[in-house]
Amino acid sequence: MLILQVLINGILLGGLYGIMALGMSLIWGVMNIVNIAHGALIMLGAYITFWAFTLLGWDPFLSLPVTVLLLFLYGYLLQRVVLNLIVRAQLFITLLITFGIEVVMVNLARIFWTSDLRQVTPAYAGTNFSVGGLTIPYVRFWVFLTTVILSVLFLLLLERTRLGRAIRATTQELRAARLTGIPVAQIYAVTFGLGAALAGAAGALWGMLFPITPTMGGALTLKSFVVAVLGGLGTMMGAIVGGLVLGLAESFSSTYLGPTYPNAISFGLLVLLLIFRPTGVLGRREQG
Amino acid sequence: MKHGSGRRWIGVAVVAVVLAVGAVAWAATDTIVLGSAISKTGKYAREGKFYVDAYTMTVDAINKTGGVKVGGKSYKLELKMYDDQSDPNLCVRLFTQLVTSDKVNFLLGPYSSGITIPASSVAEKYQIPMVQGGGASEKIFDRGYKYIFGTLPRAEFYFLSATQAAVNLNPPVKTAALAYSNEAFDRSVAEGSRQLLKEYRIEKVYDEQYPPGTQDFTSILAVIKSKNPDLILVAGHAENSLNFIRQAQAADVNPKMYVFTVGPPTADFRQALGKVAEHAYGVTPWLPDMDIGGEVFASAREFSKQFKARFGYEADYHVASGAADVLVYKFAIEKANSLDPQKVRDAIASLDVETLYGRVKFEPNGQIALGQVLIQIQQGKLVPVYVAGKFVAKPIYPMPKWSQRK
């Protein structure tokens, strides 16, 4: 039954990777900004969940909407005030500014919240249920369900609402979008806010499974990057698919090859993909 | 022209005053500077803080009790600490700067074996003693270096008391799983543990290395669960142990006993896990309520009280080890009655003194000869279970299954 357990583990984790990458993929696809501060936004979402849990006693799943809203506002303001200055600048400049934001956020977190390991431990943490010889932890299962719900909601937003259409129009053809009266600066700010909100949600969910520290974001930015490219930049479904692919690859390689292999496998996959299918698993040729 | 000569005289006067003040200041300085590059930021920031606080408190305590006496004069100890950002390359550069341009008298170590290995080479090159309390790997001490000393016991023997206890329990442990992080310290622990398991005839059913940043142990746990060992040995840093235990609960992994190199003895680890930490074993060379002590700090208990009052958190063995490092210099300098690095180095090598950390005596290779106590977390408290070859308390064994715990 080991193989089924490994499969389940991979899927559960993959869903979380998917939602982590969704925020980065959105911002990258729409605004051509590689958000190095993505991990810091995830970290912020995790800490908000932790403080809400510790100081106010809020269940982490119930405080999720609050976390999402706060991160949206934060992202919106950040874009309007800081990043607006460098939209459509050279890629290098966007890397530099988001890197700076990351440094500031991480170090402020360290100063105010210290490097102590924090955990969100509701009463049901660590509980699990058995299905046919497989052990499935409750929290991981609910986290997976939440990522599915959030992803569906987000995709609906993009496909079915006016805002979503405006975002997609801005991505595809900037000049035409302007001509049809879309307030581009506003769209960019909302997009970044949405990306930050998704990162915040990912952080809240991540914080339910793993310890929270100010420096937790660095490795997650990298993972999101890999997932986003694996799935295909700019395609939202691609981030989800990329997440699942990575989750399964890590789970299987860790079990059958050894725990030191997942990183090699993930980056190896990335390299192969870039050689044979650079637009990613779901990417379309015309995306620049 | 009048202006020119006036300005020149002012210049001369300023230089004279500066020289005079400098001379007075220099003559009035009777300080011994201990320099260190330690992880104030970066992935080891949490542990680095233990040493920063320990060094600071011990230096202040020594100065309060009269400082260090050399040649009839009393010297004040001073600390010069840089942040190595948990980066070994930066650490080496900073130690080189401490020696060559800051010209400190002696060196205190950084944290972690991985960083101490290259940093100690600086001490050896410039022939200035370095006493460190954060690196336990034998790779630090097995290079024939003369100027590096360490107050953490040998990494390879971290699980000695655990293994000895395991075979003497009822029913005795027959199978074991070993999981270790890919870092210098943990690889050393694993090397030693393999020998120990063989020596004590425990069958090793799992032996895997994991990347240091690993947060997700579900795959490792899934495989370990399928092998069903009696004992699990985990070598890693605090975050690894924390994740492992939490995920072992989620995956319903039930060994009879699991032991961690880092984590259980430290208060914030137990706080973070709460009841889930129950029954976990750890190892430590020092406990805050031990009846040991010496000069400057009369007892471990006294030291812990002072530390908690000043810094607001409980001292663990990292802290005590750091404090011992500073004490080593006080005793060695006074024994040598000199500030000459070579003489102090020889005094450290032949030191044999009781302190709040225990008996400080170094092996010929520079590492302290101190045993580890096997402790178990019982009802949130650290209970020493096995020390120096015998049981000193009854362990809760086998560990109750997760489904049977409240």
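Q: Two strands pair if DSSP finds at least two bridges between them. What makes strand E7 (residues 175–181) and strand E8 of chain B a pair?
A: The structure is a predicted model, in which local features need pLDDT of at least 70 and side-chain atom pairs count only at pLDDT 80 or more, while totals for chains, interfaces and linings use all residues. Residues are numbered from 1 along each chain as its sequence is written, chains are lettered from A and ligands numbered from 1 in the order in which they are written. E7(B) and E8(B) are joined by 7 bridges and run parallel; at least two bridges are required, therefore they pair. Within this pair, B:Ala179 is opposite B:Glu208 of E8(B).

Q: What are the edge strands in the open sheet of 6 strands of chain B?
A: The order is E2-E3-E1-E4-E5-E6 (chain B), with mixed pairing, and strand E2 (68–70) and strand E6 (148–150) each pair on one side only. Neighbouring strands are turned by 30° against each other on average, direction ignored. In this sheet, strand E1 (residues 31–38) and strand E3 (residues 73–83) of chain B run parallel, joined by 8 bridges; B:Ala37 has B:Tyr82 of E3(B) as its bridge partner.

Q: How do you know that strand E1 (residues 128–131) of chain A and E2(A) pair?
A: They share 4 bridges in the antiparallel sense, and the requirement is at least two, so they pair. A:Asn128 is opposite A:Pro137 in E2(A). The two strands form a hairpin with 2 residues between them, and A:Gly132 in the turn has a positive phi of about 50°.

Q: What makes helix H12 (residues 317–336) of chain B a helix, and what is its expected span?
A: A helix is a DSSP run of H or I of at least four residues, whereas a strand is a run of E of at least two, each numbered from the N terminus.

Q: Why is H12(B) called mostly covered?
A: A residue is buried if 20 or more other C-beta atoms, placed from the backbone, lie within 10 Å of its own, exposed if 12 or fewer do, and partly exposed in between. In H12(B), 17 of its 20 residues are buried.

Q: What makes the largest nonpolar core a core, and which residues have the most contacts inside it?
A: Such a core is a set of buried Ala, Val, Leu, Ile, Met, Phe, Trp, Tyr and Cys residues joined through C-beta atoms within 7 Å. This one has 216 residues, and A:Leu198, A:Ala201, A:Ala202 and B:Ala323 have the most contacts inside it.

Technical notes
Axes fitted to C-alpha atoms, helices over the stretch in contact; angles between N-to-C directions.
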